[in-house]
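I opened the model to look up a few things. My notes follow.

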Number of protein chains: 2
Amino acid sequence: MPSQLPVGPLDQFLLFGDSITEKSNDQEHGFAFASALQNAYMLKLDVINRGFGGYNTNNAVEILPAILPAPSQARVRFLAIFFGANDSNLGPPLVDTQYVSIPDFTQNLRDLISHPLIAAHNPPPRVILIAPPPIEETFIAREDVKNGYTEVKRYNRNTALYAEAVTKVGKETGTPVVDLWSVFMAKAGWVGGYHEDGVPMPGSIAAGFSDVLKSLLDDGLHLTPAGYKIMFEEVLKVIGENWPDQTPGALKSLRDLHGLKFWYEVE
Amino acid sequence: MPSQLPVGPLDQFLLFGDSITEKSNDQEHGFAFASALQNAYMLKLDVINRGFGGYNTNNAVEILPAILPAPSQARVRFLAIFFGANDSNLGPPLVDTQYVSIPDFTQNLRDLISHPLIAAHNPPPRVILIAPPPIEETFIAREDVKNGYTEVKRYNRNTALYAEAVTKVGKETGTPVVDLWSVFMAKAGWVGGYHEDGVPMPGSIAAGFSDVLKSLLDDGLHLTPAGYKIMFEEVLKVIGENWPDQTPGALKSLRDLHGLKFWYEVE
């Protein structure tokens, strides 16, 4: 019997991102995205969290070789790439700023998706791009001042352009996108797209404090449990739409891959 | 820079057990043990859940080859072995019953710990044995009747003997033990050891319904969030006592293993 058993790690659901990914196993405030995803894919896929707080896509391109297993070590079934929250930070303008321009951000995403180490996996990982969530500027500005920052600058109208860039790369490369920015903004009543046109968008200081966005964005940037819950639902939705044979319900469990019978199966 | 980076999966914290392990990523009711452990070891170890509902140690010995990665795939830093809740089920007396006698249970634990596939890992995995939690008989009997079972028989005085067996194997093999049975029973005021001596132990029908045990045992057998919280604390305590260089605080993060500098490090 043991010789018929599959050996080694299950395929990975690799979560690659910044602090929003890193915090997605933290249950301190409630629902945690990565934990829920692991629970959904229990004994089917191993959810591996590679969230690096503070990272932008320049850092992501550099560290990618360290987070991908070799094909002989584990197969990457899904790779979620979730950056932009730091790339879109407009301050401070130093060499080591988090800021990455939109053209560079776009190219970095392309480089990540088409990286030779990813292409080395066969079958290739199913890549999901996740666009950054909106900014609740009123709240984040207040917190930044409290924390002594004078130069951190995050604006929702600017983050919108990074979300737009993610969707463009998705379209251009045929990569499914979870557009958190648009999903969260729709909850706040905004369906006006990525550009303001006379009317200030929710999340901006001009539009005033947004209760809805604050309910999804813990500190104006990171997600609350309610925000992570939406992220979880959206990721599963994108999987169901693009790879219906890869939903948690469709995959076989490690439990089904061998021939043991148990008391409750033979009663 | 990429050539200096570590490549591939992080070392594993492998959780091997039955449904109590399998459910330990489930946040439906609150705190989930495996999620908390992953959060504590974020970017340090990958927590891999191999919990198989319904399994006893006979099943565990059989499936072990399927859940251990080859040393070339990933190193197992910690291996938690957590069985007994099903082995101690006294009914029904069929070929495919969950029941495993104490001598067989003991030998199975020895066989798991000394399995050649585990010994193939160098350095060897740090094994932690976890003893089964107590039974709240009054509640579980009520639920079993509701679910139509007439023959499932779990008694706390019997589970106690399996917990005792786990501690004996731990002592005999020098393997650290998290004795959930004794920890939970102490919360219920019982420090009388694994054997009744005239006085019925908490959890037994004779002792009456135990609010304390029910607060830790969701359905009389599986853990509540409060129970998982204690399990989390006890596991970290055992790690701190036995391997102080392996606590979450002592380990280096994947983030520390390379030379990137970020804006907040150079300000």
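**Ground rules.** I count a contact when heavy atoms lie within 4.5 Å. This is a predicted model, where local features need pLDDT of at least 70, side-chain atom pairs count only at pLDDT 80 or more, and totals for chains, interfaces and linings use all residues. Residues are numbered from 1 along each chain as its sequence is written, chains are lettered from A and ligands numbered from 1 in the order in which they are written, and side-chain values use heavy atoms, with hydrogens and water left out.

**Entry 1: His121(A).** I looked up its contacts, leaving out residues up to four places away in sequence: His121(A) touches Pro69(A), Ala70(A), Pro71(A), Ala74(A), Arg75(A) and Val76(A). His121(A) sits in the loop between α5 (116-119) and β4 (126-131) of chain A. Helices (H or I, at least four residues) and strands (E, at least two) are DSSP runs, numbered from the N terminus. Is His121(A) buried or exposed? It counts as buried because its relative accessibility is 2%. The cut-offs are under 20% relative accessible area for buried, over 50% for exposed, and partly exposed in between (1.4 Å probe, protein chains only). The His121(A) side chain also reaches the backbone oxygen of Pro69(A) at 2.9 Å. I treat that as a polar contact: a pair of N or O atoms within 3.5 Å; within protein, one must be able to donate a hydrogen and the other to accept it, and residues adjacent in sequence count only if both atoms are side-chain atoms.

**Entry 2: strand β1(A).** I checked how covered β1 (residues 12-17) of chain A is, and six of its six residues are buried. Gln12(A), Leu14(A) and Phe16(A) point one way, while Phe13(A), Leu15(A) and Gly17(A) point the other way. Next I looked for partners; two strands pair if DSSP finds at least two bridges between them. β1(A) pairs with β2(A) in the parallel sense over six bridges. Leu14(A) has Ile48(A) as its bridge partner in β2(A). β1(A) also pairs with β3 (residues 76-82) of chain A, again parallel, over six bridges.

**Entry 3: cavities.** Rolling a probe the size of a water molecule over the atoms shows where empty space is left. The search uses a 1 Å grid over the protein atoms alone; a cavity is a set of points where a 1.4 Å probe fits but cannot get out, and lining residues have an atom within 4 Å of a point. Grid points are joined across faces, edges and corners, and a volume is the space filled by probe spheres set on the points. How many cavities of 30 Å³ or more are in the whole structure? The search finds four.

The largest cavity has a volume of about 90 Å³. Its lining includes Asn25(A), Ser35(A), Gln38(A), Asn25(B), Ser35(B) and Gln38(B). α2 (33-40) and β2 (46-51) of chain A and α2 (33-40) of chain B each supply at least two lining residues. By class, I note five nonpolar, seven polar and no charged residues. Here Ala, Val, Leu, Ile, Met, Phe, Trp, Tyr, Cys and Pro count as nonpolar, Asp, Glu, Lys and Arg as charged, and the others, Gly among them, as polar.

The second largest cavity holds about 70 Å³. Among its lining residues are Gln12(A), Asp46(A), Ile48(A), Gln12(B), Asp46(B) and Ile48(B). β2 of chain A and β2 (46-51) of chain B give two or more residues each. This lining has eight nonpolar, two polar and two charged residues.

Entry 4: Ile128(B) lies in strand β4 (residues 126-131) of chain B. It is buried, with a relative accessible area of 1%. Beyond four places in sequence, its contacts include Phe13(B), Phe78(B), Val178(B) and Trp243(B).

In helix α8 (residues 180-187) of chain B, Leu180(B), Trp181(B), Val183(B), Phe184(B) and Met185(B) are buried. These residues pack against β3 (76-82), β4, α7 (156-173), β5 (177-179), α9 (211-216) and α10 (225-242) of chain B. Just after α8(B), Gly189(B) takes a positive phi of about 90 degrees.

**Entry 5: two polar side chains in chain B.** Ser215(B) lies in helix α9. At 39% relative accessibility, Ser215(B) counts as partly exposed. A polar atom of its side chain lies 2.5 Å from the backbone oxygen of Val212(B).

Gln98(B) sits in the loop between β3 and α4 (102-113) of chain B. It counts as buried, at 3%. Its side chain reaches the backbone oxygen of Gly54(B) at 3.2 Å. The Gln98(B) side chain also makes a polar contact with the side chain of Arg154(B), at 3.4 Å.

Terms used:
1 Å grid on protein atoms, 1.4 Å probe; cavity = no way out; pocket = protein on both sides within 12 Å on 5 of 7 lines; lining within 4 Å.
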